[in-house]
Amino acid sequence: MTSTSTSDFREEIARFVKARPTDRVLFAADYPEAVALVAAAAPGEILTLDLTADLATTAAPSRRVVPAQIDLTTTLAAVDSELARRPAALVIVPAVAPATGEVLPLPALAAIAHRRGARLLVDGSDIVSRRAVNLTSHGIDYLVLSGPSAAGPAVVVGRSDWLAESDDAAPEINIVLPPRQLVSDLGYEWVGLHEQACSDWLDAEIDRLPGIRRLHLWTDARDRVGIASLAVSGHRRPVVLRWDAGTGIDELARQLNSLAENVFEQEKS
């Protein structure tokens with residue numbers, strides 16, 4: 001890939017996430033490396049909001065962790081309280097609860113971090129093709145984007161004083177920025193309504209199926225993207241279903257029917 005196309009790639013990413021004019025776009029081998037590009041420059045401790053404790057995920061020893069609380073309101077208060085108890089230079093949060101799809105209030109988290117003297121880094125991989133992300137108006141300091149594979153390439157966009165310039169070649173843009181034209185043609189409002197319609201259909205179907213229950217992280221989350229975590233009889237771990245603007249109810253029904261047949265066969269045996 002030529003330097004010109006790499007420069008164009010950087011500009012397209014910056015436009016897509018409404019970056020500030022002074023923000024920088026850097027490429028990384030994977031998500032952990034992209035986060036490390038920011039974390040290495042943080043002049044203080046790092047605080048991570050961990051929503052995956054049920055998956056036995058732990059932060060690095062040098063990082064402090066706030067686990068998800070009983071509801072979203074209490075979770076935000078816990079982040080604020082921890083920063084008040086002991087300052088941090090960087091707060092790392094996901095944009096979306098990875099297993100259940102609840103969308104976090106990024107402007108509110110940015111306001112909490114900034115009020116306590118910290119910067120905010122957001123994992124935006126599950127949200128950029130589903131909801132509008134605006135670094136400028138949301139107050140997000142750093143946004144990390146990666147493809148469907150955790151081991152695949154990633155991009156970090158954010159304030160340049162913590163990001164050293166780099167001449168690394170860009171990965172394929174479609175890996176880290178999923179169908180931008182589709183989102184542009186449909187609009188984020190349509191995408192949100194479509195995902196909600198699929199979610200409502202899924203809830204109605206689950207109510208009719210024995211042995212399957214949809215999990216929620218918080219009861220007070222006001223927005224949810226196309227991710228559902230289902231507790232299934234006979235399965236030790238939840239089963240995750242995903243859908244987006246390109247997924248119709250027919251495809252979601254196929255996924256659910258396959259799961260229901262699996263549960264039925266287990267119950268018979």
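Phe9 and Phe27 are both buried in this structure, which is a predicted model. The two residues also belong together in another way, for the model holds two aromatic pairs. Phe9 and Phe27 make up one of them, and their rings are stacked. Phe9 comes from helix H1 (residues 3-16) and Phe27 from strand S1, so the pair ties together parts that are 18 residues apart in sequence.

Tyr142 and Trp162 also form a stacked aromatic pair. Tyr142 belongs to strand S6 (residues 142-146), while Trp162 sits in the loop between S7 and helix H6 (173-176), so this pair ties together parts that are 20 residues apart in sequence. Tyr142 is buried, and Trp162 is buried too.

| Aromatic pair | Centre to centre | Angle between planes |
|---|---|---|
| Phe9 and Phe27 | 5.2 Å | 25° |
| Tyr142 and Trp162 | 5.8 Å | 15° |

Strand S1 covers residues 23-28, and five of its six residues are buried, so S1 is largely enclosed by the rest of the structure. S1 has strand S7 (residues 154-159) as a partner; the two run antiparallel and are joined by six bridges. To find one of these places in the model, look for Leu26, whose bridge partner in S7 is Val156.

All five of its five residues are buried, so S2 is largely enclosed by the rest of the structure. What covers the picture on each side of the strand? Both faces of S2 are covered, with Ile46, Thr48 and Asp50 buried on one side and Leu47 and Leu49 buried on the other.

S2 also pairs with other strands. With strand S3 (residues 63-67), S2 pairs in the parallel sense over five bridges, and here Leu49 stands opposite Val66. With strand S4 (residues 90-94), S2 again runs parallel, joined by three bridges. In this pairing, Thr48 has Ile92 of S4 as its bridge partner.

Now let us turn to a helix. His194 is found in helix H8, which spans residues 188-207. Is His194 buried or exposed? His194 has a relative accessible area of 16%, so it counts as buried, the cut-off being under 20%. Which residues does His194 touch beyond its neighbours within four places in sequence? They are Asp244, Ala245, Thr247 and Gly248. With Asp244 there is also a polar approach: a polar atom of the His194 side chain lies 3.2 Å from the backbone oxygen of Asp244.

Most residues other than glycine have a negative phi. Lys18 is not a glycine, yet its phi is positive, at about 55°. Lys18 is found in the loop between H1 and S1, the helix and the strand that hold Phe9 and Phe27. With a relative accessible area of 44%, Lys18 is partly exposed.

Key: Residues are numbered from 1 along each chain as its sequence is written. This is a predicted model: local features need pLDDT of at least 70, side-chain atom pairs count only at pLDDT 80 or more; totals for chains, interfaces and linings use all residues. Side-chain values use heavy atoms; hydrogens and water are left out. Buried means under 20% relative accessible area, exposed over 50%, partly exposed in between (1.4 Å probe, protein chains only). Helices (H or I, at least four residues) and strands (E, at least two) are DSSP runs, numbered from the N terminus. Two strands pair if DSSP finds at least two bridges between them. A polar contact is a pair of N or O atoms within 3.5 Å; within protein, one must be able to donate a hydrogen and the other to accept it, and residues adjacent in sequence count only if both atoms are side-chain atoms. Contact means heavy atoms within 4.5 Å. Rings of Phe, Tyr and Trp (its six-membered ring) pair if their centres lie within 6.5 Å; planes under 30 degrees apart count as stacked, over 60 as edge-to-face and the rest as tilted.
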